[in-house]
Amino acid sequence: MTDRKRSSQPRVVRTYEFPTKPEKQTLGQYLYNSQDGKILGRTATGWGQLMLFYAAFYTVLAALFAICMQGLLVTLNHEYPKWQLEQSIIGSSPGVSFRPMPEDVEQVASIQYVAANKTDVAVWTNLINEFLEPYVDRTKLPAGTEQVICDFNTPPPAGKVCSFDVSKLGTCTAEQNFGYNRSAPCFFVKLNRIYDWVPEYYDVDELPEEMPNDLINYIKDLSEQDRKQVWVSCQELGSAGNKTDHEINYAPSRGFPSYYYPYRNQQGYLSPLVAVQFLRPPTKTPFNIECRVWAKNILYRGGTRDRRGSLQFTMRID
């Protein structure tokens with residue numbers, strides 16, 4: 001009985017449909033399929049929805065970016081930095097730099113050339129001429145710049161800047177190739193700009209003990225008013241037994257005069273310079289030079305790493 005019931009039940013036959021391989025499309029059919037109206041695989045409605053989505057997405061993204069930028073610009077001032085002196089990352093002790101700087105980044109801290117090679121000499125003199133161009137040609141300054149002749153008794157009036165007289169650079173001039181063809185090259189020392197920074201000058205009775213004697217004597221020979229400068233001294237680095245007392249010229253003076261400070265982003269402001277020239281430097285061998293600036297509120301740290309208030313570089317004349 002049981003067997004008959006089982007045999008009378010209909011049998012279920014399961015069939016399986018295997019996926020068919022899609023028909024290959026030609027390039028023309030992919031670009032436009034006339035059967036289903038698809039363009040590049042999408043219908044016109046699909047393309048419209050996709051473009052509408054991305055248009056809305058990038059509009060919102062651009063609006064958020066504009067809001068962020070506007071919020072940032074509101075906090076900035078084009079005339080002076082928001083964070084100044086001790087509150088800024090730069091701090092209140094300016095760095096020191098020199099020119100000419102070599103174009104080769106691997107020789108950032110060196111001046112090397114062959115004095116008898118006119119091409120070598122031209123490379124360095126051209127770098128200096130490019131650097132001094134705004135000092136020499138006032139048309140290179142921003143329109144509306146008003147430069148005046150200043151001295152210790154005549155600071156610049158409001159809205160005007162002190163000019164730097166390149167005619168007082170002594171032998172460090174373009175006409176004399178800045179001394180490079182005579183194996184007595186000039187280089188120019190400058191202080192990096194810090195907004196609203198004012199030097200604190202040394203009085204004669206408080207000159208540091210480590211200050212070079214020739215600079216101390218130079219300062220003592222000046223009038224009290226002319227002593228308001230950030231002083232510059234350069235020397236050869238090395239052990240006491242290997243160091244040589246070099247004859248060095250500084251022009252137009254041995255410091256940066258007080259009437260150039262403070263720097264307040266004046267239009268056409270040019271940093272004062274000190275031209276330094278070793279008159280008889282050694283040849284055929286490299287020698288290291290350190291230049292230091294002196295003011296009561298300039299910190300000093302020597303060395304090639306994390307130095308402050310000084311600069312170091314190597315000079316080699318062949």
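Among contacts in the chain between residues at least 6 apart in sequence, what percentage join residues at least 24 apart? The share is 69%, where a contact means heavy atoms within 4.5 Å. This is a predicted model, in which local features need pLDDT of at least 70 and side-chain atom pairs count only at pLDDT 80 or more, while totals for chains, interfaces and linings use all residues. Residues are numbered from 1 along each chain as its sequence is written, and side-chain values use heavy atoms, with hydrogens and water left out.

The chain holds 5 helices and 11 strands, where helices (H or I, at least four residues) and strands (E, at least two) are DSSP runs numbered from the N terminus. Of its 318 residues, 35% count as buried; buried means under 20% relative accessible area, exposed means over 50%, and partly exposed lies in between (1.4 Å probe, protein chains only).

**Helix α4**

Helix α4, residues 118-136, spans only 24 Å between its end C-alpha atoms, whereas a straight helix of 19 residues would span 27 Å at 1.5 Å a residue; the expected span is 1.5 Å times one less than the number of residues. A kink of about 35° lies at E130, shortly before the proline P134, the bend being the angle between axes fitted to the seven residues ending at a residue and the seven starting there. E130 itself counts as exposed, at 54% relative accessibility. Other residues of α4 are buried, among them V121, W124, I128 and Y135, and the buried residues of this helix pack against β1 (96-99), β2 (110-113) and β5 (186-191).

**Salt bridges**

Side chains of opposite charge can pair when their charged atoms come close. The structure holds 8 salt bridges, each being a side-chain nitrogen of Lys or Arg within 4 Å of a carboxyl oxygen of Asp or Glu. The table lists some of them.

| Pair | Closest N and O atoms |
|---|---|
| R292 and E210 | 3.8 Å |
| D214 and R254 | 3.0 Å |
| D318 and R316 | 3.1 Å |

R292 counts as buried at 15% relative accessibility, whereas E210 counts as exposed at 51%.
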